[in-house]
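This briefing looks at pockets and at the residues that line them. Please have the sequence and the model open while reading.

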Amino acid sequence: DHHQNKYDFDYSAIFTSCSAELFGITLAVLTVDRFGRILSQSVACSMGGLSVALLGFVAASKSPNRTFLIVAAFSARLFMMAASCVTWVSTAEMLPTEIRTTGHSAANALGRLGAFVSPYALASSTDTRTIGALMLLISTVTTFAICRLPETMGTNMGAGQAPSVHSSSRHEARD
């Protein structure tokens, strides 16, 4: 039957790549209190960007090695997941709830905008080297931004936070 659609997915490669997120969480747990939030985040983000760039450049070769592609995809997901996990820890320690919730909303809106624009900006005809280089650039800018954040390791929860809008009125009521 010529109308039958046939899809060919490499499920073992997809499963292997997806399992990297569990290892990314583990990496974040093992490094966040040992090396600090900023170092853990910046190294993970940098390594993730390098892994994606490597993936893009190798995928563009005439006969890319399947195993190498899986390892690069695994590494990219592992490091990006670790960076993301540490981001959640550090933002909770340095920002009050009111600012965090506004930031989450803004990030959600930008993420949805990015999801809308991506298929048009990066069509299937876009060279994987271009995609890899773009992701490396984004990771590099993100790493520089991370390095400008204050380190919160060893501080009490809320010690690095700006005063809450509601905190001054509560203190005045007690005085």
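Ala, Val, Leu, Ile, Met, Phe, Trp, Tyr, Cys and Pro count here as nonpolar, Asp, Glu, Lys and Arg as charged, and the others, Gly among them, as polar. By that scheme, the lining of the second largest pocket divides into eight nonpolar residues, four polar residues and no charged ones. The model is predicted.

**Second largest pocket**

- The volume of the second largest pocket is about 330 Å³.
- Its lining residues include Cys45, Met80, Gly111, Val117, Ser118 and Ala121.
- Leu122, Leu134, Met135, Ile138, Ser139 and Thr142 also line the second largest pocket.
- Helix 4 and helix 5 are the elements that give two or more residues to this lining.
- Helix 5 gives the most to the lining of the second largest pocket, with five residues.

**Largest pocket: size and centre**

- The largest pocket has a volume of about 490 Å³.
- This pocket is lined by 18 residues, and those closest to its centre are Gln41, Thr87, Trp88, Thr91 and Ala107.

**Largest pocket: elements and classes**

- Two or more lining residues come from each of helix 3 (66–94), helix 4 (97–121) and helix 5 (128–147).
- Helix 3 gives the most to the lining of the largest pocket, with seven residues.
- Sorted by class, the lining of the largest pocket has nine nonpolar, eight polar and one charged residues.

Notes:
Residues numbered from 1 in each chain as written. Predicted model: local features only at pLDDT ≥ 70, side-chain atom pairs only at ≥ 80, totals over all residues. Heavy atoms only, no water. 1 Å grid on protein atoms, 1.4 Å probe; cavity = no way out; pocket = protein on both sides within 12 Å on 5 of 7 lines; lining within 4 Å. Points joined across faces, edges and corners; volume = space filled by probe spheres on them. Helix = DSSP H or I, 4+ residues; strand = E, 2+ residues; numbered from the N terminus.
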